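Please read the following briefing alongside the sequence and the coordinates. It is arranged by topic, with the cut-offs given where each term comes in.

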Amino acid sequence: MTRVCVLGPSGRMGKAVIEAATATNLTISARVDLGDDMAAGLAASDVYIDFTTPVATRAAAALAFTRKLPAVVGTTGLGPDDEKALAALAEVAPIVVAANFSLGVNLLLGLARQAARILGPDWDAEVVETHHKNKRDAPSGTALAIARAIAAGHGSDYDTVKRHTRDGDVGPRPRGEIGVSTVRGGDVIGEHTATFFGAAERIELSHRATSRTIFAAGALRAAAWVVTQPPGRYDMQAVLGL
Ligand code: NAD
């Protein structure tokens, strides 16, 4: 039985992972919340699942590095130092990093890329995301992944075409710009729509999550998969074989 350490077990996603694990042949060997002994929890496990904060993600990756421990990381809003810690871990252990573990969103990433490739930058691409009012990072990691998939479809560099805010006299929309807008409120688990605006027609690709179970089940599937892989960084599309 694969032993799983759950980071952030009292959080929204941590709770969902622990609940979903009962329907798998994975066993929860440790639960590490803020203030708990993370090193001990990791030492008792074959893989860890991380839905926490960027600071905790960095700390866990550094500890896991010394044990070459496989990881499944769903925390979003990661900065360059957090990414560096994950890159170091991926040198010695297999890790899955995904802003979204649902099958539907991972399919949507492929569809958005394909639509952008076929339609081209003359169709204005915009991504809108909605989440519950307690979400910390914006735009969501999923919205950024969708926007990056569109940029890949256009063959453009996302950092030079992205537009995350509009305020004041922003002027006409440049060709090839990719807009991402954020809505926050209530208890929305996660909604994403990529719209492609053509002349006199428009295409909308939408995903709506109505339960965190889909992310939890995906993360557990990734945990079972990742322990059989060689060191490296993988995404959820690799886990799902998309
Ligand atoms: P949350 O605030 O409900 O839970 C965060 C948990 O992390 C809490 O239990 C907190 O105590 C714990 N924590 C904080 N610092 C810690 C530390 N140093 N060590 C151990 N535990 C620590 O948040 P949430 O809604 O569960 O979301 C967590 C993260 O997962 C966010 O970044 C969110 O965007 C992301 N998320 C990803 C997906 C996905 O599919 N990849 C889905 C939903 C949420």
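F101 is buried, with a relative accessible area of 2%, where buried means under 20% relative accessible area, exposed over 50% and partly exposed in between, for a 1.4 Å probe and protein chains only. The model is a predicted one, in which local features need pLDDT of at least 70 and side-chain atom pairs count only at pLDDT 80 or more, while totals for chains, interfaces and linings use all residues. Residues are numbered from 1 along each chain as its sequence is written, and side-chain values use heavy atoms, with hydrogens and water left out.

**Aromatic pairs**

- A pair of aromatic rings is described by the distance of the centres and the angle of the planes.
- Rings of Phe, Tyr and Trp (its six-membered ring) pair if their centres lie within 6.5 Å, and planes under 30 degrees apart count as stacked, over 60 as edge-to-face and the rest as tilted; by this rule the count comes to two aromatic pairs.
- The ring centres of F51 and F101 are 5.7 Å apart and the planes stand at 70°, so this pair is edge-to-face.
- Because F51 lies in the loop between β3 (47–50) and α3 (54–67), and F101 in the loop between β5 (94–97) and α5, the pair ties together parts that are 50 residues apart in sequence; helices (H or I, at least four residues) and strands (E, at least two) are DSSP runs, numbered from the N terminus.
- F51 also counts as buried, at 16% relative accessibility.
- The rings of W225 and Y234, with centres 5.1 Å apart and planes at 85°, are likewise edge-to-face, and Y234 counts as buried at 19% relative accessibility.

**The open sheet**

- Five strands form an open sheet with mixed pairing, in the order β7-β8-β6-β9-β10, where two strands pair if DSSP finds at least two bridges between them.
- The edge strands, each pairing on one side only, are β7 (162–163) and β10 (202–209).
- Strands β6 (residues 124–131) and β9 (residues 190–197) run antiparallel and are joined by seven bridges, and the bridge partner of A125 in β9 is F196.
- Helix α5 (residues 103–119) packs on the sheet and touches β9 and β10, its direction making about 170° with that of β10; contact means heavy atoms within 4.5 Å, and axes are lines fitted to C-alpha atoms, for helices over the stretch in contact, with angles running from 0 to 180 degrees between N-to-C directions.

**D82 in helix α4**

- D82, found in helix α4 (residues 80–92), is buried, with a relative accessible area of 4%.
- Not counting residues up to four places away in sequence, D82 touches P54 and R58.
- The side chains of D82 and R58 are joined by a polar contact of 2.5 Å, a polar contact being a pair of N or O atoms within 3.5 Å; within protein, one must be able to donate a hydrogen and the other to accept it, and residues adjacent in sequence count only if both atoms are side-chain atoms.
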